[in-house]
Amino acid sequence: MDFKDKVALVTGASRGIGRAVALKLASCGASVVVNYASNKELAEEVLGEIEAMGSTGQVRQFDVSDSLRVREEVSSIARELGGLHILVNNAGINRDSLLVRMKEEDWDEVLTVNLKGMFNTTKIAARVMMKQRFGRIINLTSVIGEMGNPGQSNYSASKSGIIGFTKSVAKELGPRGITVNAVSPGFIDTDMTRSLSDSVKEQYLKGIALGRFGSPEDVAGVVAFLASEEASYITGEVIRINGGIYT
Ligand code: NAP
């Protein structure tokens with residue numbers, strides 16, 4: 001895969017899956033903007049790794065749910081770096097609790113970051129990509145958005161919403177040379193899943209055909225493929241990367 005002369009924005013790239021995606025795209029020659037919410041030091045480490053492999057990039061702090069900041073930042077990335085070719089909507093959070101105990105703010109926060117955040121970045125990036133008549137947008141949904149999970153109704157709703165959003169936007173932007181796809185990871189070893197108790201992890205593990213949690217790199221390779229020339233006739237798809245826990 002060759003991303004020479006391509007500019008990529010990966011939201012939530014300071015840690016976990018976003019970090020692995022940023023490094024993978026950079027290793028294939030992309031110039032990568034590493035977005036983060038609060039972990040400046042970690043984001044700068046990711047940029048350091050990108051530069052160490054001979055690629056280029058930038059670090060940009062912004063909250064994807066802040067539509068004004070997103071508009072300023074995405075427009076300035078395109079202006080300064082000479083376009084925006086690949087957008088990976090990865091930033092996401094969870095605030096788990098059973099529905100009857102769920103606080104309204106936990107519902108709102110998860111929907112606002114995970115779903116509205118994606119609307120904010122995609123809307124502005126799409127304008128740039130339409131002028132370029134080229135773009136690749138890859139959205140992170142989740143197996144939880146497909147199969148549901150007790151204690152995750154807010155997260156699951158946000159991730160199901162991402163699937164509908166992906167399919168609709170793929171139809172709108174296809175005629176302009178822009179593909180829009182989603183990847184749907186299962187249980188991936190990151191900070192988000194490290195907080196699960198050992199007994200819950202054991203339970204999940206029993207249902208995974210491949211017998212292990214996924215790594216961020218397992219996801220990054222598929223995201224890079226969807227961003228590549230080789231995937232130019234794929235749009236509106238949801239690619240599962242879940243080790244066989246849900247097929
Ligand atoms: P993670 O390790 O918790 O990292 C989350 C990343 O998102 C961090 O870089 C964080 O930045 C950033 N972020 C959070 N809120 C943000 C905001 N409002 N604006 C901008 N950036 C924000 O998460 P992960 O496990 O890598 O998950 C990445 C994506 O994959 C998420 O969308 C998640 O729902 C999805 N996913 C994960 C799994 C899994 O098993 N891990 C499975 C399926 C889907 P800071 O470091 O600055 O806080």
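The protein carries 28 positive and 29 negative side chains, and the centres of these two sets lie 6 Å apart. The model under discussion is a predicted one, and the values below are computed from it.

**Overall form**

The protein contains 9 helices and 7 strands. Its radius of gyration is 17 Å, close to the 18 Å that the globule rule gives for 247 residues, so the protein is as compact as a globular protein of that length. Along the principal axes, the C-alpha trace spans about 50 × 35 × 35 Å. Of the contacts between residues at least 6 apart in sequence, 74% join residues that are at least 24 apart. The accessible surface comes to about 11500 Å², with 50% of it belonging to carbon and sulfur atoms, while buried residues make up 51% of the 247 residues.

In soluble globular proteins, nonpolar side chains tend to be buried together. Here the largest nonpolar core has 34 residues, and those with the most contacts inside it are Leu-9 and Leu-84. At least two residues of this core are supplied by each of β1 (7-10), α3 (67-81), α4 (104-132), α5 (143-147), α6 (153-173) and β6 (178-185), and the largest share, 7 residues, comes from α4. Leaving out residues up to four places away in sequence, Leu-84 touches Val-7, Ala-8, Leu-9, Val-74, Ala-78, Ala-125, Val-128, Met-129 and Gln-132. Apart from this core lies another, of 33 residues, which includes Val-21, Leu-25, Cys-28 and Val-88.

| Residue | Loop | Relative accessible area |
|---|---|---|
| Thr-190 | between β6 and α7 (191-194) | 10% |
| Pro-150 | between α5 and α6 | 69% |

Is Thr-190 buried or exposed? Its relative accessible area of 10% is under the 20% limit, and Thr-190 therefore counts as buried. When neighbours within four places in sequence are left aside, Thr-190 is in contact with Gly-16, Ile-17 and Pro-216.

Pro-150, by contrast, has a relative accessibility of 69%, which is over the 50% limit, and so Pro-150 counts as exposed. Along the chain, Pro-150 and Leu-98 are 52 residues apart, and their C-alpha atoms are separated by 6.6 Å.

Methods. Residues are numbered from 1 along each chain as its sequence is written. This is a predicted model: local features need pLDDT of at least 70, side-chain atom pairs count only at pLDDT 80 or more; totals for chains, interfaces and linings use all residues. Side-chain values use heavy atoms; hydrogens and water are left out. A nonpolar core is a set of buried Ala, Val, Leu, Ile, Met, Phe, Trp, Tyr and Cys residues joined through side-chain atoms within 4.5 Å. Buried means under 20% relative accessible area, exposed over 50%, partly exposed in between (1.4 Å probe, protein chains only). Helices (H or I, at least four residues) and strands (E, at least two) are DSSP runs, numbered from the N terminus. Contact means heavy atoms within 4.5 Å. The radius of gyration is taken over C-alpha atoms; the globule rule is 2.2 Å times the number of residues to the power 0.38. Accessible areas come from the Shrake-Rupley method with a 1.4 Å probe; for residues, only the protein chains shown count as cover. Lys and Arg count as positive and Asp and Glu as negative; His and the chain ends are not counted. The place of a charge is taken as NZ of Lys, CZ of Arg, CG of Asp or CD of Glu.
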